[in-house]
Amino acid sequence: MPELPEVENLRLGLERKIVGQKVKSVKVLAPKLVAGAGNIRAPSRAKTAEFISGITGKVIEGIERRAKNLIFRFKGGGLLLVHLKMSGQFVYREGKKTVEGGHPIELSRSGLPNKHTHIIFELSRGTLYYNDIRTFGYLLYFKNQNSFDKTRHFKYIGPEPLSKEFTREYFAGALRNKKSKLKSVLLGQSAVAGLGNIYADEVCFEAGVRPTRAASSLSAGEAGRLYSAIKRILKRAIETGGSSVATYMLLDESRGNYAREHKVYGRGGEECANCGKKLKNITLGGRTTVFCVSCQK
Ligand SMILES: [Zn+2]
């Protein structure tokens, strides 16, 4: 699943290319993707029609990110909320130039549209494809900010880790209240936004704390180290992702620039870069989790 740094890189790549362009037409091949989020997504003709008519003819004014969500804003009002979930991807093609981000989909490299292409936006200068292997992602159109605010879509999402609101004191307090395992709390989004399986494991390693600990058991010192690790690692991951030139192929198990710097994620059974002991691989809350029994307490 694309996490905060990958979504941020996708945002940066798209922002450079498509802001200021007009949407000439929209094709919706999988109506459930525009019908709702989570389980409330029964496809309907009305929803699809509203999506198409809301966006067609509009100029893209800006692209924002909140946690792992993207928000496309249109001139004259209207916004599009996008969550890529497990396997969503955007590819923008303009002549020979390509901007690509989200989940890497091999088939998209050989041709577009393909069987994973579910929504196609024809823009004034190029084409934006939304591809999704498992179709858990969603693209929801809202006619104005007010109609979006009413959904309270972000109500369970905590502060952005690189914002001023995310302070050391806040984070220590957020952990103190939670008896669940640290990894689950980090994945849960309410203590801090944007972490997924990769970065949750990486920040725990960096901070020297085990992901299996109860979040509330962390000392002030440990919470402080974890706080710093979150900031440092996400910043570094955003920067290294942004350093690739034309293609934003970011980031899953195998690809992307920051993937080379993973210390624990995807390295279960390998030697710890720090102490040389074998990294432990467990399943925690249904997710693969890797840590070092000697470096992490
Ligand atoms: Zn170690």
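Biologist: How many residues line the second largest pocket, and which lie nearest its centre?

Modeller: This is a predicted model, and in it 18 residues line the second largest pocket. Gly36, Lys47, Leu140, Phe142 and Thr151 lie nearest the centre of that pocket.

Biologist: What is the volume of the second largest pocket, and how does its lining divide by class?

Modeller: The volume is about 460 Å³. The lining has 9 nonpolar, 5 polar and 4 charged residues.

Biologist: Which residues line the largest cavity, and of what class are they?

Modeller: The lining consists of Ile18, Val23, Ile55, Ile60, Phe72, Phe74, Leu80, Phe121, Leu123 and Leu128. Strand E3 (69–74) and strand E7 (117–123) are the elements that each give two or more residues to this lining. By class, the lining has 10 nonpolar residues, with no polar and no charged ones.

Biologist: Ile18 is also in helix H1 (residues 4–18); what span does that helix reach?

Modeller: H1 has 15 residues and reaches 20 Å from its first C-alpha to its last. That is close to the 21 Å expected at 1.5 Å a residue.

Biologist: Is H1 mostly covered or mostly uncovered?

Modeller: H1 is mostly covered, with 11 of its 15 residues buried. Among them are Leu4, Val7, Leu10, Leu14 and Ile18, as well as Glu6, Glu8 and Arg11. Just after H1, Gly20 takes a positive phi of about 95°.

Biologist: Now the metal: which residues are the protein donors of the zinc ion?

Modeller: The donors are the SG atoms of Cys272, Cys275, Cys292 and Cys295, lying 2.2 to 2.4 Å from the zinc ion. Along the chain, the donors follow the spacing C-x2-C-x16-C-x2-C. Cys272 lies in the loop between helix H8 (220–242) and strand E10 (280–284), whereas Cys292 lies in the segment after strand E11 (287–291), 20 residues apart.

Biologist: Why do Cys272 and Cys292 count as buried?

Modeller: Buried means under 20% relative accessible area. Cys272 counts as buried because its relative accessible area is 4%, and Cys292 because its relative accessibility is 0%.

Biologist: What is the geometry of the zinc site?

Modeller: The site is tetrahedral, with angles of 101 to 114° among its 4 donor atoms. Ideal angles for four tetrahedral donors are 109.5 degrees.

Technical notes. Residues numbered from 1 in each chain as written. Predicted model: local features only at pLDDT ≥ 70, side-chain atom pairs only at ≥ 80, totals over all residues. Heavy atoms only, no water. Helix = DSSP H or I, 4+ residues; strand = E, 2+ residues; numbered from the N terminus. Expected span 1.5 Å × (residues − 1). Buried < 20%, exposed > 50% of the residue type's maximum accessible area, 1.4 Å probe, protein only. Donors = N, O, S within 2.8 Å, 3.2 Å for Na, K, Ca; no water. Tetrahedral: all angles 85-135°; square planar, octahedral: opposite > 155°, others 65-115°. 1 Å grid on protein atoms, 1.4 Å probe; cavity = no way out; pocket = protein on both sides within 12 Å on 5 of 7 lines; lining within 4 Å. Points joined across faces, edges and corners; volume = space filled by probe spheres on them. Nonpolar A, V, L, I, M, F, W, Y, C, P; charged D, E, K, R; others polar.
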